[in-house]
Amino acid sequence: MRIDVRGPRFGAAVTTLVLAVVLVTGSPWPLAAQAVVFGLGAGLGMRYAPYGVLFRVAVAPRLGPVRATEDAGPPRFAQAVGLGFALAGLIGYTAGPQALGMAATACALAAAFLNAAFGYCLGCEAFLLLRRAFN
C-alpha cells in the first residue's frame, strides 16, 4: 500500500506538539494518548491512524492533489518504534524513575521533530537498514 508522503510529516508535527507538552508538564496522560496513536498507526497503518484520518479528511483536501507517495511499511514500523519509546516513557513517568520517562519522551520527540521539520524519518531509515540486513 502507498500513502501520501505529506501524511506522516503532518502526524509527526502533531506528535512533536504532544510530546513537547509531556516534557513541559511531566504529565503521563498526553503520553498515554500518544501511545494509543502510535499503537493504532503500527497496528492498522498510517492511513487509519488518528492523525492519518485527520490529515486525509481535514488537511489533504486543502493541499491539492497528491504529488508523491511512499510505501506504508517504513512509516508503520516507525510508529511501532514510537510506541516502544512511549511505553518506556509511561513506565518512567508512572513507576519511575522519572528520568526514564523524560529520556524516552525526549528521544521520541527528537525523532518526531526530525520528520516534521526535515522529512527525515529515523524509524523509516531503521526499517530500511533492517530489511537490507535480513534480505
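Which residues does Pro-8 touch, not counting residues up to four places away in sequence? The contacts of Pro-8 are Ile-3, Met-46, Glu-70, Pro-75 and Asn-115, where contact means heavy atoms within 4.5 Å. The structure is a predicted model, in which local features need pLDDT of at least 70, side-chain atom pairs count only at pLDDT 80 or more, and totals for chains, interfaces and linings use all residues. Residues are numbered from 1 along each chain as its sequence is written, and side-chain values use heavy atoms, with hydrogens and water left out.

Pro-8 lies in helix α1. Helices (H or I, at least four residues) and strands (E, at least two) are DSSP runs, numbered from the N terminus. The relative accessible area of Pro-8 is 11%, so Pro-8 counts as buried. Buried means under 20% relative accessible area, exposed over 50%, and partly exposed in between, with a 1.4 Å probe and protein chains only. Pro-8 and Cys-121 are 113 residues apart along the chain. Their C-alpha atoms are separated by 9.1 Å.

A disulfide is a pair of cysteine sulfur atoms within 2.5 Å. The count by this rule is one. Cys-121 and Cys-124 form the bond, with their sulfur atoms 2.4 Å apart. The torsion about the S-S bond is about 70°, so this disulfide is right-handed. Both Cys-121 and Cys-124 are buried. Cys-107, by contrast, is in no disulfide. The nearest cysteine sulfur to Cys-107 is that of Cys-121, 15 Å away. Cys-107 has a relative accessible area of 42% and is therefore partly exposed.

Aromatic pairs were considered next. Rings of Phe, Tyr and Trp (its six-membered ring) pair if their centres lie within 6.5 Å; planes under 30 degrees apart count as stacked, over 60 as edge-to-face and the rest as tilted. Phe-10 is partly exposed, because its relative accessibility is 21%. Phe-55 has a relative accessible area of 6% and is therefore buried. Phe-113 and Phe-118 form an edge-to-face pair, 6.0 Å centre to centre, with 90° between the planes. Phe-113 is partly exposed at 44% relative accessibility. Phe-118 is exposed, at 59%.

The largest pocket holds about 370 Å³ of space. Pockets were found on a 1 Å grid over the protein atoms alone: a pocket is an open set of points where a 1.4 Å probe fits, with protein on both sides within 12 Å along at least five of seven lines, and lining residues have an atom within 4 Å of a point. Grid points are joined across faces, edges and corners, and a volume is the space filled by probe spheres set on the points. The lining of the largest pocket comprises 25 residues. Phe-38, Ala-78, Gln-79, Ala-111 and Ala-112 are the closest to its centre. Two or more lining residues come from each of α1, α2 (28-44), α3, α4 (73-95), α5 (98-118) and α6 (122-133). α4 gives the most, with six residues. By class, the lining has 18 nonpolar, seven polar and no charged residues. Ala, Val, Leu, Ile, Met, Phe, Trp, Tyr, Cys and Pro count as nonpolar, Asp, Glu, Lys and Arg as charged, and the others, Gly among them, as polar.

Gln-79 belongs to helix α4. Gln-79 is buried, with a relative accessible area of 14%. Leaving aside neighbours within four places in sequence, Gln-79 contacts Val-37, Phe-38, Gly-41, Ala-42 and Met-46.

Two loop residues complete the description. Val-66 is found in the loop between α3 (50-63) and β2 (69-71). Val-66 is partly exposed, with a relative accessible area of 48%. Beyond residues up to four places away in sequence, Val-66 touches Asp-4 and Arg-6. The C-alpha atoms of Val-66 and Val-5 are separated by 8.4 Å, although the two residues are 61 apart along the chain. Pro-97 lies in the loop between α4 and α5. A cis peptide bond joins Gly-96 and Pro-97, with omega about -5°. Most peptide bonds are trans.
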